[in-house]
Amino acid sequence: MNYVILTLDGFNKLKKYIYFIPARGGSKRIKDKNIKLLDDKPLISYSIEFALKVAHKSEIFVSSDSPKINSIASDYGINIHDRSEEFAKDSTSMLDTVIDFIESQKIDKEANLVILQPTTPFREKSFFLELKDLFEKNISSSSALSVVKCNFFHPSKIGKINNLRYLDLLDIEKQDNVDNEKKEAYYVISGSFYIISIKDLLNNLSFIGNNPLALAENASIHCNINEEVDFEIAKFILKNKAF
């Protein structure tokens with residue numbers, strides 16, 4: 001089993017990791033997105049195969065309401081959380097789904113949870129191990145998240161359009177005439193990895209918590225698939241880098 005010993009004030013803590021892959025059958029923008037083929041492989045397979053690189057089958061769960069997705073998970077020999085209709089609606093929050101999973105599967109509250117969303121298919125094992133190590137070494141952290149640096153979409157250029165059609169920019173130093181690479185760095189949560197203790201998640205009702213750690217991942221392989229064009233980007237990444 002994938003255990004790690006943590007030492008805190010001379011007290012050893014045994015920490016188990018559970019790997020959770022949420023894969024609802026429905027999708028508004030892309031029909032059957034999680035099983036749509038990417039280089040002749042269902043999208044969800046990328047997350048499952050990554051999980052198998054870092055964890056034992058017994059620690060990996062696919063959560064879905066789709067018989068097709070559950071069948072794919074079964075072929076890999078991993079656990080299935082057969083999601084009820086109540087937790088498979090467009091309006092269902094991921095938090096509610098995860099809490100239902102923890103309760104219905106009787107998951108150990110002392111364990112840590114790693115969330116692997118199928119929509120971010122490309123992950124590097126070395127990055128995950130570094131993020132996991134960061135989380136384990138910082139006892140006071142609430143979570144550890146993968147992030148990507150904001151480049152073109154720098155926060156100083158982001159705002160909302162008000163009722164009079166004026167653009168209200170975020171209150172961030174503009175740093176005009178400074179190349180984006182030289183501006184103060186800002187990061188956005190990438191969605192590739194969320195690591196959090198289950199106890200913290202249940203106490204704060206958040207995947208992030210009050211004291212999150214972050215590690216910037218390789219933006220050149222990051223792809224969050226929400227639109228059809230994102231599949232084309234994913235194909236380009238696959239063509240130019242082996243996974």
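**View 1. The largest pocket of this predicted model has a volume of about 640 Å³.** Arg24, Lys33, Met94, Gln117 and Thr119 lie closest to its centre, among 24 lining residues. By class, the lining holds six nonpolar, eleven polar and seven charged residues. A pocket is an open set of points on a 1 Å grid over the protein atoms alone, where a 1.4 Å probe fits, with protein on both sides within 12 Å along at least five of seven lines; lining residues have an atom within 4 Å of a point. The volume is the space filled by probe spheres set on the points. Ala, Val, Leu, Ile, Met, Phe, Trp, Tyr, Cys and Pro count as nonpolar, Asp, Glu, Lys and Arg as charged, the others as polar.

**View 2. Phe50 and Phe128 form an edge-to-face aromatic pair.** Their centres are 5.9 Å apart, with 85° between the planes. Phe50 belongs to helix 1 (residues 43–54) and Phe128 to helix 4 (residues 125–137), 78 residues apart. Helices are DSSP runs (H or I, at least four residues). Both Phe50 and Phe128 are buried (under 20% relative accessible area, 1.4 Å probe, protein chains only). Rings pair if their centres lie within 6.5 Å; planes over 60 degrees apart count as edge-to-face.

**View 3. Ring pairs join Tyr19, Phe50, Phe127, Phe128 and Phe193 into a cluster.** The whole structure has nine aromatic pairs.

**View 4. Two charged side chains sit over rings.** The charged end of Lys41 is 4.6 Å from the ring centre of Tyr46. Arg123 lies over the face of Phe193, at 5.6 Å. The criterion is NZ of Lys or CZ of Arg within 6 Å of the ring centre and within 35 degrees of the ring normal.

**Notes.** Residues are numbered from 1 along each chain as its sequence is written, and side-chain values use heavy atoms, without hydrogens and water. In this predicted model, local features need pLDDT of at least 70 and side-chain atom pairs count only at pLDDT 80 or more, while totals for chains, interfaces and linings use all residues.

Methods. Phe/Tyr/Trp six-rings, centres within 6.5 Å; stacked < 30°, edge-to-face > 60°. Helix = DSSP H or I, 4+ residues; strand = E, 2+ residues; numbered from the N terminus. Buried < 20%, exposed > 50% of the residue type's maximum accessible area, 1.4 Å probe, protein only.
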